[in-house]
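The exercises below ask you to read folds, packing and contacts from a set of coordinates. Work through each task before turning to its solution.

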Amino acid sequence: MPEFLQFLASGLTVGAIYALVALGFTLIYNASDVINFAQGEFVMLGGMVTVFAALAGVPLPLAAVLAVIVAVAVGLLLHKLAIEPARGASAVTLIIITIGASILLRGVAAVAFDKRFHSLPPFAGSDPWLVGGAAVLPQSLVVLAGTAAIVTALWAFMAHTLTGKALIATASNRLAARLTGINTDRIVGLSFAVSAGIGAVGGILVTPITLTSYDVGTLLALKGFAAAMLGGMGNPLGAVAGGLIVGLLEAFGAGYISSAYKDAIAFLVILAVLFLRPQGLLGSAGVERV
Amino acid sequence: MRLRTSNVTVVAAVAALVAVLPLVLPSPFYFRIAALVFIFALAVLGLNLLMGFAGQVSLGHAGFFGIGAYAVAIGPTHWGVPSWAALPAGAAAAGLLAYLVGRPILRLRGHYLAVATLGMGLLIAMVFTNEARLTGGPDGMPVPRLELFGWRVRGSITWYWVSGVTLVIGVWLATNLIGSPTGRAFRAIHDSETAASMLGIDLARYKLTAFVLSAVYAAVAGAYLALFDGLVTPATAGFLRSIEFVSMAVLGGLGSILGSLVGAAVLVVLPQMLTVFHDYEHIALGLIMIVFMIFLRAGIVPSLAAVVARRVG
């Protein structure tokens, strides 16, 4: 039982970060049909900017805010300078652009910061709490609470603000949204900004546990993408569920079956799910227009 | 008839390039780069059959590339299979795996297919990383040199010719395929799966054909790279390698045979040239990829061909 709880805690923690990355994928995908493979770089920026601002003497909370601002600015620039000029290009062209952006951002981070691993002090103390025999890091709870707060805030934003509703309208039908007077270009820009911000917060929260370096983004993008697809692309709730499931599969797979093959277990389950439900867990079955 | 003429032109152009290029290459180092371009172009050519012609994405092709590479490493080292026999065996193994995996996977569409192939590629790479007794684990393993009738195939200039001739054969096979009813079925599937199936095209069968073919191309290219380098590591089959293949195919131009060669050339040569920028190498590479895709969004070869056609017409 203590083992089980231990795996559960670590799985949920990692899963929460995957969920945030998957949520970022989903937001941008919904607004613009772009699969943004630079999504993991926002997580990296969140962690790295905080670490280096803190090293430069900026108090930690301020450093974190600064990191989010930097990531949001990068997200907006990515949209303005790379995605908007390529408007109308095919989906696969846009994917290569985001892959280029991801290589570029990694290169910038390697030059502007360095290529070493960095950590942050835990936000809520470093002594683990014993829960039913399992040692739970307070930081894990910070990660989970942070993720829950972001998801709630995002939901409130979508459901209760005019801008949020414009985002939903753009996602469901871009042309119709434009006809009702929504500036869809700004909505797409907004989706990049929000995705970048969400990613950065995730990066800041998880750095005390998993460390960060200039190249952590690739693996996170890969897992986040898989999580988003598992949940059903375009479904925010699916993205969160997918992220948590991938995290849990990894943790339990590593604990009970084989740590060397933990990623294999996660992907085998994803493959199995896609065979049974080709549209993902919470995705709606696609209706094809001919 | 016009289609066939242009096919012959493409094969002739690639053959002429392979034949003439040595006249201007100043040192074995450049032969090495050119050989790498040909080897990667071979893999990208296969991927282009799948992505550019049949319209199916794969983010896991490095897995097949890795199977080819490890076949010529493991075969001679552990099982006493000579390299020349291990190479086709590896290609056959990759084709068989693609056949088995492709049946269920190719029912998926678009991004779901992307994530499924990505998962497949990761699983293959993970086996190479973890089965250390056979594969040497994360550090990889040495690959014995290829020996044909007592002739040791080694050195950059030798490999230039071996890979160049193979690429010409690969291009010739691909152009023939594209001009055949199978190639037309691929393009029909690409344009509209519904319309294609209404015409009586067996979607599953043709998608599977494209998948298996592209896997075999990738495996042969992987075996060549391993034999050429004399070393193979799990990174050969890694996710980044898969992404590299897709980037090459898209950058050069999906659906363009010459595009595969150009895309491979750009992404093999560029990092070599950019090493003069030292730490700024990745920044430059990323920027160039973005700028190319914004301004030549259909890929280098098709976009430039369109420009030329406009000028002429």
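Two residues are taken to be in contact if their C-beta atoms, placed from the backbone, lie within 7 Å. The model is a predicted one.

**Exercise 1. Against which elements do the buried residues of α6(A) pack, and where on the helix do they lie?**

Step 1. Begin with the burial pattern: in helix α6 of chain A, which covers residues 162–172, the buried positions are Ala166(A), Leu167(A), Thr170(A) and Ala171(A).

Step 2. Looking down the helix axis, the buried residues of α6(A) fall within an arc of 140 degrees, so they line one face of the helix.

Step 3. Turn to the other side of α6(A), where Leu162(A) and Ser172(A) are exposed.

Step 4. The partners of the buried residues of α6(A) are α1 (2–32), α5 (138–160), α7 (174–179) and α8 (184–210), which belong to chain A.

**Exercise 2. Is Gly132(A) buried or exposed, and with which residues is it in contact beyond its neighbours within four places in sequence?**

Step 1. Locate the residue: Gly132(A) sits in the loop that links β1 (129–131) with β2 (134–136) in chain A.

Step 2. Gly132(A) counts as exposed because it has 11 C-beta neighbours inside 10 Å.

Step 3. Once neighbours within four places in sequence are set aside, the contacts of Gly132(A) are Met1(A), Pro2(A) and Leu5(A).

Step 4. For a sense of distance, the C-alpha atom of Gly132(A) is separated by 38 Å from that of Val194(A), a residue 62 positions away along the chain.

**Exercise 3. Describe the make-up of each chain, and judge how compact it is for its length.**

Step 1. Chain A contains 11 helices and two strands, and its elements follow the order α-α-α-α-β-β-α-α-α-α-α-α-α from the N terminus on.

Step 2. The radius of gyration of chain A is 19 Å, close to the 19 Å that the globule rule gives for 290 residues, and chain A is therefore as compact as a globular protein of that length.

Step 3. Of the 290 residues of chain A, 51% count as buried, while 74% of the contacts between residues at least 6 apart in sequence join residues at least 24 apart.

Step 4. Chain B contains 14 helices and four strands. Its radius of gyration, 19 Å, is close to the 20 Å that the globule rule gives for 313 residues, so chain B is as compact as a globular protein of that length.

Step 5. In chain B, buried residues make up 54% of the 313 residues, and the C-alpha atoms fill a box of roughly 55 × 45 × 40 Å along the principal axes.

**Exercise 4. How many residues does each chain bring to the contact between chain A and chain B?**

Step 1. Chain A brings 36 residues and chain B brings 33 residues.

Step 2. On the side of chain B that touches chain A, α5 (110–130), α11 (239–252) and α13 (281–295) of chain B each supply at least two residues.

Step 3. Sorted by class, this side of chain B has 22 nonpolar, seven polar and four charged residues.

Notes. Residues numbered from 1 in each chain as written. Chains lettered and ligands numbered in written order. Predicted model: local features only at pLDDT ≥ 70, side-chain atom pairs only at ≥ 80, totals over all residues. Nonpolar A, V, L, I, M, F, W, Y, C, P; charged D, E, K, R; others polar. Buried ≥ 20, exposed ≤ 12 C-beta atoms within 10 Å, placed from the backbone. Arc of directions from axis to C-beta. Rg over C-alpha atoms; globule rule 2.2 N^0.38 Å.
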